[in-house]
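Subject: Structure for you to look at

Hello,

Here is the structure I promised to pass on. Please open it first, then read the notes below alongside it.

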Amino acid sequence: MFFVGAYDLTIDGKNRLSIPSAVRSSTNCDRDGRAFYVVPGRRRGTLAVYPDRYFERTRRFVPADEQLSEDGHAWREFEYSQSALVDPDAQGRILIPDRLLKSAGVSKVVTLIGVQDHLEIWNRTEFEAFEKQQWQGFSEHRSKALGELAALKREAGVASSGSGPDD
């Protein structure tokens with residue numbers, strides 16, 4: 001599973017969002033699952049969408065409550081209380097709880113973007129503004145991001161493949 005791209009979509013009157021077939025075809029149902037978890041996004045005003053089995057694998061090794069700080073425990077309570085497991089219907093639509101849309105401030109006119117291991121739902125106007133800002137400072141943003149990624153690779157002891165400028 002590797003999610004990329006941006007899709008301008010509309011959430012219908014019943015709060016259903018159609019997951020594009022190109023996105024659905026990039027998931028392996030046996031490995032990643034068929035359903036999705038919708039959770040608060042990293043960026044305020046967005047929702048993140050993860051394949052269910054993948055999300056559960058990433059959360060499997062979270063420490064027990066008594067090992068977490070008060071902040072860590074509070075975040076866990078918040079994240080799980082604000083999450084929903086949604087199953088696509090026969091047309092590939094997921095039903096997003098109204099409570100999540102309202103809490104995140106997500107409107108009916110959205111852009112769904114692929115972010116490697118998950119999808120994000122953005123208000124379309126906010127994504128357009130973000131996209132414009134990123135293009136305006138493209139070289140600087142790219143250089144900073146690649147430097148950070150290279151440092152993280154070094155810390156993790158991951159060897160560079162040397163296959164291109166991003167290594």
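Predicted model: local features only at pLDDT ≥ 70, side-chain atom pairs only at ≥ 80, totals over all residues.

Helix α3

Helix α3 spans residues 52-59, and its buried residues are D52, Y54 and F55. These three sit on the same side of α3, because the arc they cover around the axis is only 165°. As background, an α-helix has 3.6 residues a turn, so residues three or four places apart point the same way.

Strands of a sheet pair through backbone hydrogen bonds, either parallel or antiparallel. Here there is an open sheet of 6 strands with antiparallel pairing, in the order β1-β7-β8-β4-β3-β5. Each of β1 and β5 has a single partner strand and stands at an edge, so one side of each is left without a neighbour in the sheet. On average, and ignoring direction, neighbouring strands of this sheet are turned by 25° against each other.

G114 stands opposite L119 in β8. Helix α6 (residues 124-136) lies across β1, β7 and β8, and runs at about 105° to β8.

A residue in a loop

N15 lies in the loop between β1 (6-10) and β2 (16-18). Is N15 buried or exposed? N15 counts as buried, because its relative accessibility is 9% and the cut-off for buried is under 20%. Neighbours within four places in sequence aside, N15 is in contact with I94, L95, I96, P97, D98, L101 and K108.

The largest pocket

Rolling a probe the size of a water molecule over the atoms shows where empty space is left. The largest pocket holds about 790 Å³ of space. It is lined by 14 residues, of which F130, Q134, H141, R142 and A145 are the closest to its centre. Which elements give two or more residues to this lining? They are α6 and α7 (138-156). The largest share, 8 residues, comes from α7.

Regards

Methods: Residues numbered from 1 in each chain as written. Heavy atoms only, no water. Helix = DSSP H or I, 4+ residues; strand = E, 2+ residues; numbered from the N terminus. Buried < 20%, exposed > 50% of the residue type's maximum accessible area, 1.4 Å probe, protein only. Contact = heavy atoms within 4.5 Å. Arc of directions from axis to C-beta. Pairing = 2+ DSSP bridges. Axes fitted to C-alpha atoms, helices over the stretch in contact; angles between N-to-C directions. 1 Å grid on protein atoms, 1.4 Å probe; cavity = no way out; pocket = protein on both sides within 12 Å on 5 of 7 lines; lining within 4 Å. Points joined across faces, edges and corners; volume = space filled by probe spheres on them.
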